[in-house]
Amino acid sequence: MPKHALRRVMTATAAAVGTLALGLTDATAQAAPATLDYVALGDSYSAGSGVLPVDLTNLLCLRSTANYPHVIAAATGAHLKDVTCGAAQTADFTEPQYPGVAPQLDALSAGTDLVTLTIGGNDNNTFINAITACGTAGVLSGGKGSPCKDKHGTSFDDEIETNTYPALKAALSAVRAEAPGARVAALGYPWITPATADPSCFAKLPVAAGDVPYLRAIQAHLNDAVRRAAEETGATYVDFSAVSDGHDACADPGTRWIEPLLFGTSLVPVHPNALGERRMAEHTMSVLGLS
């Protein structure tokens, strides 16, 4: 073949290969999913307080780098901005929780794609007050009767309905305003207590037999407040009532998602352990269709 003819063939072949490569590159770029801009908000259940390793960038918040937001981000390839903080209340979405800790909503923007949060349990100090009150009453009663319920009656439920529920609606509405295009997932709290008393658990969770269902009903009310607030503000509620059943603080190590008050393995009692944080992440991804 003459040199000029061979040159034309080689030129045409190179052009064809280049066009094909460009087409493949374009197709690959179009097919590649965009990275999610993910912001994690919330309290110690979101932060994974007590789960190692600890995020050393902010020790005040006792945030874990193995919390459910980090598990979700690792599984989805999302770009995570984690501003979760132990002991956070809904008020800390709009006000600094500690000196040098910005309001959590400052992390949101119009470009945020995904928001997850667990919040509400610290409003009115519901969790700490209920656990402390019922634990103390349980010890004094030797585990008999329902001394906590007898003393406090509907007071915890009244605070949830009167104060926490409207605060949750306001907080979720504020999230929507700051991140109007984001998908927002409000997670419920996994069960802390079993449905009925387990005598073998009293040493780990010293709550009187009649107060075990009382505490569980308070938690169910709180979760329902989260659910209603989520539905009324266009957020997705992630319900743990079924999947966390049998994984409460009275379950055996390796099965429980929540550590007991005493003789647990976490630095922070009555909070999710590493398994609990992973399971919270997995169920959230399943509900959101991210898995």
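The link of cysteine 61 and cysteine 85 is left-handed, with -85° about the S-S bond. The two residues form a disulfide (a pair of cysteine sulfur atoms within 2.5 Å), and their sulfur atoms are 1.9 Å apart. Cysteine 61 sits in the loop between helix 2 (44–47) and helix 3 (68–76), while cysteine 85 sits in the loop between strand 2 (79–82) and strand 3 (114–118), so the bond ties together parts that are 24 residues apart in sequence. Helices (H or I, at least four residues) and strands (E, at least two) are DSSP runs, numbered from the N terminus. Both ends of this bond are buried, a term that stands for under 20% relative accessible area, with exposed meaning over 50% and partly exposed in between (1.4 Å probe, protein chains only): cysteine 61 has a relative accessible area of 0%, and cysteine 85 has one of 1%.

The model is predicted, so local features need pLDDT of at least 70 and side-chain atom pairs count only at pLDDT 80 or more, whereas totals for chains, interfaces and linings use all residues. Residues are numbered from 1 along each chain as its sequence is written, and side-chain values use heavy atoms, with hydrogens and water left out.

A search of the whole structure finds three disulfides. Another of them joins cysteine 134 to cysteine 148, at an S to S distance of 2.1 Å. The torsion about this S-S bond is about -70°, so the disulfide of cysteine 134 and cysteine 148 is left-handed. Here the link runs between distant parts of the chain, with cysteine 134 in helix 4 (residues 126–141) and cysteine 148 in helix 5 (residues 147–152), 14 residues apart. Cysteine 134 counts as buried at 0% relative accessibility, and cysteine 148 counts as buried at 1%.

Cysteine 201 and cysteine 250 also form a disulfide, with sulfur atoms 2.1 Å apart. This link of cysteine 201 and cysteine 250 is left-handed, with -85° about the S-S bond. Cysteine 201 lies in the loop between strand 4 (183–187) and helix 7 (212–232), and cysteine 250 lies in the loop between strand 5 (236–238) and helix 8 (274–288), so the pair ties together parts that are 49 residues apart in sequence. Cysteine 201 is buried, at a relative accessible area of 2%, and cysteine 250 is buried at 12%.

Finally, the pairing pattern can be read along the chain. With the bonded cysteines numbered in sequence order, the pairing is 1-2, 3-4, 5-6.
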